[in-house]
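This report looks at how the chains of one model meet, taking each interface in turn. Please keep the sequence and the coordinates at hand while reading.

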Amino acid sequence: MTGFRVSPICDAMRLAQRATSEKMAKPSSEESLIATEREINQMRFAQGNSSGHSTTLGITDLSFLTRFGVKGAAAAAWLHAQNLPIPDAPNRWLPLRGGGLIARLGFNEFLIEDSINSSIAPQLIELSQHPPAKVYPVLRQDAAIALGGSLILDLLAQTCSLHFRALNLSECPVVLTTMVGVNVTIIPGEIYRIWCDGTYGVYLWQTLLNIIEEMQGGAVEFEQLLPL
Amino acid sequence: MKLITCPINGTRPVSEFVYGGELRLISDPQALDDQTWAEQVFYRNGAPGIKKEWWCHVPSNTWFIAERNTATDETLNTYLYGEEDSR
Amino acid sequence: MPFRLLKFALSKEHPEPRMFQSRDRLKSSYDAVIIGGGGHGLAAAYYLSRDYDMSNIAVIEKGYIGSGNTGRNTTIIRSNYLTPEGVKFYDESVRLWQDLSQDFDLNLFYSTRGHFTLAHTDSALRTMRWRAEVNKHFGIDSEVVSPDDIQSACPPMNLACGGHAPVLGALYHAPGSIARHDAVAWGYGRGADQRGVEIHQQTEVLGITVQSGRVTGVDTNRGHVSTPKVLCAVAGFTPRILDMVGLRSPLYIHPLQALVSEPMKPWLDPIIVSGSLHVYVSQTARGELVMGASLDPYELHSTRSTFDFAEGLAAHMLELFPFLSHVKIVRQWAGLADMTPDFAPIMGKTPIEGFYLDSGWGTWGFKATPVAGKTMAHTVACDRNHDLIQEFSLSRFKDYQLVGEKGAASVGH
Ligand SMILES: Cc1cc2nc3c(=O)[nH]c(=O)nc-3n(C[C@H](O)[C@H](O)[C@H](O)COP(=O)(O)OP(=O)(O)OC[C@H]3O[C@@H](n4cnc5c(N)ncnc54)[C@H](O)[C@@H]3O)c2cc1C
C-alpha cells in the first residue's frame, strides 16, 4: 500500500480547530485546546487532547484501525476456514485472539476489525482477492468512533431511540440502529464502539461532540479509549 | 412513538424503517397480454384493510413482511419472507 | 351590546342565516348524485345547476361540507406545471379563481403572492428551466430567477441554508396565490343550493347499485335513492367507492400532514417551496405561517398527526429561516391524499355507464377545484369527457399513456 488515506472525521477536527484559533485573538499558549494530527496504518487523523475528560465523557476517532467486511452465503464457512471464531447469531460479536473483533451483522455478513497491534484485516483483504463462490468482500470505509466515560448512557438516551440499559452485555450484542438520524453499528461495553458510513462521519462527530461538550466532556487521545 | 418489530433486530421506532409496498405476486410478463400487464404494473389495492407488506429495517437492511391494518396502523405480525408458518 | 340587536338573536323571525338549507330527507330519485361534499363535488353541483340547468341533484356528504381535504389543505394555487395537459388545465383553473369571489359574492381571501420553487441542486435548476419553457409556451408567467431576486423578495431567508444545500435559483410564478379554503366549499355550496341542489350532510354512501353495466342508484345510511348518474368526488376515500362498483385503479392513499405557527406580524409575502428540503410555507392574512412537507412515507387511512413530521419539518424550515426557532406550532393535522403513479388526476367517464370519477387529486387538487367542477359538470351533463380532461382518464394506464407531472407536483403540491 502506498500513499495515505485521511480519516472521514479529520475534516471535522480541522474545522473545529480553525474555529477555535479564530475565536482566540492571538494564538494561545494553551496547547491543550489544539488538536494534533497523527498517522497510523497509512491513515491521517486528528485527535483532541483534552486528557481529563474521558472520565465523564470522551470521544475519539478510531477510523485508522484496519478492518474487513465480507458477506455471502458461504462467508461464515470461509471465515471459519481462516481460523476465526464465528458468533453464533446475527447481532453478536466475539473478540479475536491477538486483539480485534469479529461482529456478525446479519445471517451472512461480518465485520472484522483489528486492534492497534493486530493485522488480521489486511491478511483477509489479501486472501479475498480471489474469493470462493458465495463469498463477497465488502469495502469498509467507516467512520469509526469510540466513546467512554460515566455519562455515556445519558448521551445515548439523547441520540438513539434504543434502551441501552436493558441490553445484556454478557451476550456480546451488536446493535444496528440510528443515532442522530445516521445508520450506525454499535457495540456496547465499558467503551462504546460506533461505526457509520464514512460520508456521515463529519456530521456524526460534530453532533456528538456538541452534546458531549455540553455534558462537560470532550475529544480525547485514542490511547485513553483503546479497544481490546 | 410508533413502533415496529423487526424479526431480526427487535422493536424499533418506525423512523428506522422504510415501507416497500404491499406484497404482490407478479405473474410472468411473457404470459400476459399488455392490458393485464398494465394492471399488474399500475393497479393497486387502495382500500384500507389488513395487508401483507414489505418493510425494511434500514440500519441493518433487513427486509421482512409485516401484516398491518392500514386503517388503524396496527402491526399484527412481522416475519421474514417465507417464514410465516414457522411462527 | 345594544339591546336592539338582542331581539334578532332571540326572535324566530330572524334566524341566523345559513349558507344553505338542511333537508330532512332524501328524495327517492335524482337526476344525478354527487358523492362527496368537498370543493370538487360542490363545484360540480354548482356548474351543473348554473350552466347545464340540472338542479335535481343531491350532494351526499358523510361528514360536513369541507371536512375532507378541502378544509385541510394549505391552499396553494398555481399553474406552473410540467406537462402541456397539466399546464392548460391548471391555467384555466387559475383564471376561474380570479373571478370567484365576484361570482359567489363571498370573500375568498384570494391573495396573489408570487410563488418561488427553490432549486438547491443543478439538476433541480434544470427541471425549473424545462418547466419555465413549457409554461411560457402556453403563455404562463413563469421564469427562472437568481438568488439575488429571491433574496430581495424574501429578505429574511438564509440562502446559504447552513452550507448544506445553498439556494442556486428558483422558478418564479407571479400568479401563485392562496385562498381561504372553507369559504370555497361554502361559496360553491351556497351557489348550488340557491339553484335547487340538495346538500345532505351526515349522509354516507354505503353502496352503489349497478345493473347491466349502468348505474341505477346509491345506498346510503338514510336509505336508497335511484339515479342514472353518480359522480364520485371523495378524494382519499375513492378506492372504497371503486370497490363498491368493482373498478380497479392505481390510486393509493397516504396521509399528508400540515401545521400552522402562532400568528406573527406580516413578514413573508411570497409562497416559498423547497423540493430539496421537502418544505413549503406561506403566511396567511391572520399572520399564521402555514407549513407543509412531503407525503407520509406509507399507506394509511387515518388522519393522525405525528411528531416525526413536526420535527422533520421544523429542522428543514430552520435551515431556510433560522430566526423562527422560537416560534410555536399551534395546530397540526392530516388529510388522506389519493395518489397516482404519474401525479396527474384520474377524471371522467369510466367503464360503468353513468359512473363518473373525479379523483387522483393527491396533494395538489385544491387549486383545481373550479376547473374540476366545471369540466366534470360538462362530462356528467353531456356524458362526454370535456376536452381539457381527455388525457386524465382512468384508461390511460392500460394504454400506457401516463401524464408525468411528478417533477412539478411532488412537494410543491
Ligand atoms: C395537508 C394537505 C395540504 C394540501 N395542500 C394543497 C395545496 O397547497 N394546493 C393544492 O392545490 N392542493 C393541496 N392539497 C390537496 C387538496 O386538498 C385536495 O386535492 C382537494 O381538496 C380535494 O378536494 P375534493 O373535494 O376532491 O375532496 P375532499 O375535500 O376530501 O372531499 C371529499 C369528501 O367526500 C366525503 N366522503 C368520502 N366518502 C364518502 C361516502 N362514502 N359518502 C359520502 N361522503 C363521503 C368526505 O367526507 C369528504 O368531505 C392538500 C391536501 C392536504 C391533505
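How much area is buried between chain A and chain B, and what percentage of that area do carbon and sulfur atoms give?

## The interface of chain A and chain B

In this predicted model, the area buried between chain A and chain B is about 810 Å², and carbon and sulfur atoms account for 58% of that area. On the side of chain A, the residues that lose the most area to chain B are Ser161(A), Leu176(A) and Asn183(A), which together make up 46% of what that side buries. In terms of contacts, ten residues of chain A are paired against ten residues of chain B.

As for specific interactions, four residue pairs are in polar contact between chain A and chain B, counted where both residues are at pLDDT 80 or more, while the number of salt bridges between these two chains is zero. Strand E11 of chain A, residues 175-179, gives the most to the side of chain A that touches chain B, contributing four residues. By class, that side of chain A holds five nonpolar and five polar residues, with no charged residues.

## The interface of chain B and chain C: extent

Between chain B and chain C, 22 residues of chain B are in contact with 24 residues of chain C. The area buried here is about 2,000 Å², with 56% of it coming from carbon and sulfur atoms. Within the part that chain B buries against chain C, Tyr19(B), Phe42(B) and Tyr43(B) supply 32%, which is more than any other three residues.

## The interface of chain B and chain C: polar and charged pairs

Three salt bridges are found across the interface of chain B and chain C. A salt bridge also describes how the side chains of Lys51(B) and Glu299(C) meet, with an N to O distance of 2.7 Å. Polar contacts between chain B and chain C amount to twelve residue pairs, with both residues at pLDDT 80 or more.

The side of chain B that touches chain C draws at least two residues each from helix H1 (34-42) and strand E4 (50-57) of chain B. Of these elements, H1(B) provides the largest share of that side, namely six residues. Sorted by class, the residues of chain B on this side comprise ten nonpolar, five polar and seven charged.

Technical notes:
Residues numbered from 1 in each chain as written. Chains lettered and ligands numbered in written order. Predicted model: local features only at pLDDT ≥ 70, side-chain atom pairs only at ≥ 80, totals over all residues. Heavy atoms only, no water. Contact = heavy atoms within 4.5 Å. Buried area = accessible area lost by both parts, 1.4 Å probe. Salt bridge = Lys/Arg side-chain N within 4 Å of Asp/Glu carboxyl O. Polar contact = N/O pair within 3.5 Å; in protein donor to acceptor, adjacent residues only side chain to side chain. Nonpolar A, V, L, I, M, F, W, Y, C, P; charged D, E, K, R; others polar.
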